Amino acid sequence: MKLIITDMENFNIPVEGEYEVIKLGGDIRHCIGCFGCWTKTPGKCIIHDGYEGTGVLMGKCTEMIMISRCYYGSVSPFVKMVQDRAISYTQADFVIRKGEMHHKRRYKNVITLSAHLYGENITDTEKETARELLQANADNYDGLVKAVHFYQSVEELEGVIL
């Protein structure tokens with residue numbers, strides 16, 4: 001299953017295969033760092049605002065696709081908040097991967113990550129930052145990077161099939 005996280009209000013990009021979309025809408029609350037998703041309700045955030053199951057959805061997906069406006073080489077505040085709320089995808093325990101300490105994966109799936117970032121005049125430095133951040137996310141999730149794509153506007157995504 002593909003998990004698509006997007007800040008697009010009107011998501012209408014064709015997707016091949018089974019998928020779920022987490023999109024801008026409603027009132028997402030910030031992760032408060034309480035670790036309830038690790039201790040009280042393992043795998044699920046304790047904040048009930050419609051986004052509490054993001055970690056569980058990640059545990060069911062094989063591909064995570066982020067579609068977002070590019071902000072200084074990163075994703076939009078909404079997409080970042082969804083990522084933060086998905087910390088329950090991991091466990092509190094640590095492992096060493098690639099010589100770095102990371103949280104253990106809670107689920108058996110391996111996620112392939114890709115990003116489609118749009119915005120006028122995205123600089124080469126922002127593109128490099130985006131690639132590095134996506135790789136860091138993949139390392140944290142014990143996953144793989146598929147691709148990072150850049151577009152001048154959200155309209156350019158009309159020809160994309162996910």
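Q: In this predicted model, what makes Glu126, Ala130 and Leu134 of α4 count as buried?
A: Buried means under 20% relative accessible area. Among the α4 residues that are buried are Glu126, Ala130, Leu134, Asn137 and Ala138. Asp139 and Tyr141 are buried too.

Q: How do you know that the span of α4 agrees with its number of residues?
A: The expected span is 1.5 Å times one less than the number of residues. For the 18 residues of α4 that gives 26 Å, and the end C-alpha atoms are 26 Å apart, so the two agree.

Q: Which residue just after α4 takes a positive phi?
A: Asp142 does, at about 55°.

Q: What makes α4 a helix that packs on the sheet?
A: Contact means heavy atoms within 4.5 Å. Helix α4 (residues 124-141) touches β3 (63-69), β6 (112-118) and β7. The direction of α4 makes about 155° with that of β7.

Q: How do you know that β6 and β7 pair?
A: Pairing takes at least two bridges. β6 and β7 have 7 bridges, in the parallel sense. In one of them, His116 has His149 in β7 as its partner. The chain crosses from β6 through α4 to β7, and this β-α-β crossover is right-handed.

Q: How do you know that β1 pairs with β2?
A: The cut-off is at least two bridges. Strand β1 (residues 2-6) is joined to β2 by 5 bridges, and the two run parallel. Ile4 has Val21 as its bridge partner in β2.

Q: Why are β2 and β7 called edge strands?
A: The open sheet has 5 strands in the order β2-β1-β3-β6-β7, with parallel pairing. β2 (19-23) and β7 (144-151) each pair on one side only.

Terms used
Residues numbered from 1 in each chain as written. Predicted model: local features only at pLDDT ≥ 70, side-chain atom pairs only at ≥ 80, totals over all residues. Heavy atoms only, no water. Helix = DSSP H or I, 4+ residues; strand = E, 2+ residues; numbered from the N terminus. Axes fitted to C-alpha atoms, helices over the stretch in contact; angles between N-to-C directions. Buried < 20%, exposed > 50% of the residue type's maximum accessible area, 1.4 Å probe, protein only. Right-handed = clockwise from strand over helix to strand, strands pointing away.
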